[in-house]
Amino acid sequence: MYKVFPEEYNFFPKTWILPSESTDLRSHWIRNLNNSKKSKITYIVKPDGLSQGRGIFLSRNIEHIFDCTMGVKNEGEVCPMDTDRIGYVVQ
């Protein structure tokens, strides 16, 4: 509906499904990188297939989001779950 009526549906947060829309999420982040207000965007990351808030985390670091959702473990980085989920929703 947003694509058809963008003015009426501007309340819905931008949403990406990872990993399939990773490129679009990175493009969005890059476009907003130089905007000081938007560079402090906090993304909410939700694993699919879980409930009651399990596995949800917030991040302002796009690389941290990609690492956690792709199962990459970097030293000193904390990801909320140790799982191989099929997809994540990022808003």
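Strands E2 and E3 run antiparallel and are joined by 3 bridges in this predicted model. Within this pairing, valine 45 stands opposite phenylalanine 57 of E3. E2 also pairs with strand E4, residues 88–90, again through 3 bridges and in antiparallel fashion. Here lysine 46 has valine 89 of E4 as its bridge partner. Strands of a sheet pair through backbone hydrogen bonds, in either a parallel or an antiparallel arrangement.

E4 is in turn joined to E1 by 3 bridges, and these two strands run antiparallel. Tryptophan 16 has valine 90 as its bridge partner in E4. Taken together, the 4 strands form an open sheet with the order E1-E4-E2-E3 and antiparallel pairing. E1 and E3 stand at the edges with a single partner strand each, so one side of each has no neighbour in the sheet. From one strand to the next, the twist averages 25°.

The two faces of the sheet can be followed along E2. In a regular strand, side chains alternate between the two faces of the sheet. In E2, Tyr43, Val45 and Pro47 point to one face and are buried.

Two backbone features lie in loops next to the strands. The peptide bond from leucine 18 to proline 19 is cis, with omega near 10°. Proline 19 is placed in the loop between strand E1 (16–18) and helix H1 (22–32). The other feature is at glutamine 52, where phi is positive, about 60°, although the residue is not a glycine. Glutamine 52 lies in the loop between strand E2 (43–47) and strand E3 (57–59). With a relative accessible area of 77%, glutamine 52 is exposed.

Side chains of opposite charge can pair when their charged atoms come close. A search of the whole structure finds 1 salt bridge. In this salt bridge, glutamate 63 pairs with arginine 26, and the closest N and O atoms are 2.7 Å apart. The pair links distant parts of the chain, since glutamate 63 is in helix H2 (residues 62–70) and arginine 26 is in helix H1, 37 residues apart. Glutamate 63 counts as partly exposed because its relative accessibility is 37%. Arginine 26 also counts as partly exposed, at 30% relative accessibility.

Rolling a probe the size of a water molecule over the atoms shows where empty space is left. The largest pocket has a volume of about 340 Å³. Its lining includes Tyr2, Lys3, Asn10, Phe12, Pro13, Lys14, Thr15 and Trp16. Glu21, Asp24, His28 and Arg31 also line the largest pocket. H1 gives the most to this lining, with 3 residues. By class, the lining of the largest pocket has 4 nonpolar, 3 polar and 5 charged residues. Trp16, one of the lining residues, is also the bridge partner of valine 90 in E4.

How values were computed
Residues are numbered from 1 along each chain as its sequence is written. This is a predicted model: local features need pLDDT of at least 70, side-chain atom pairs count only at pLDDT 80 or more; totals for chains, interfaces and linings use all residues. Side-chain values use heavy atoms; hydrogens and water are left out. Buried means under 20% relative accessible area, exposed over 50%, partly exposed in between (1.4 Å probe, protein chains only). Two strands pair if DSSP finds at least two bridges between them. On a 1 Å grid over the protein atoms alone, a cavity is a set of points where a 1.4 Å probe fits but cannot get out, and a pocket is an open set with protein on both sides within 12 Å along at least five of seven lines; lining residues have an atom within 4 Å of a point. Grid points are joined across faces, edges and corners, and a volume is the space filled by probe spheres set on the points. Ala, Val, Leu, Ile, Met, Phe, Trp, Tyr, Cys and Pro count as nonpolar, Asp, Glu, Lys and Arg as charged, and the others, Gly among them, as polar. A salt bridge is a side-chain nitrogen of Lys or Arg within 4 Å of a carboxyl oxygen of Asp or Glu. Axes are lines fitted to C-alpha atoms, for helices over the stretch in contact, and angles run from 0 to 180 degrees between N-to-C directions.
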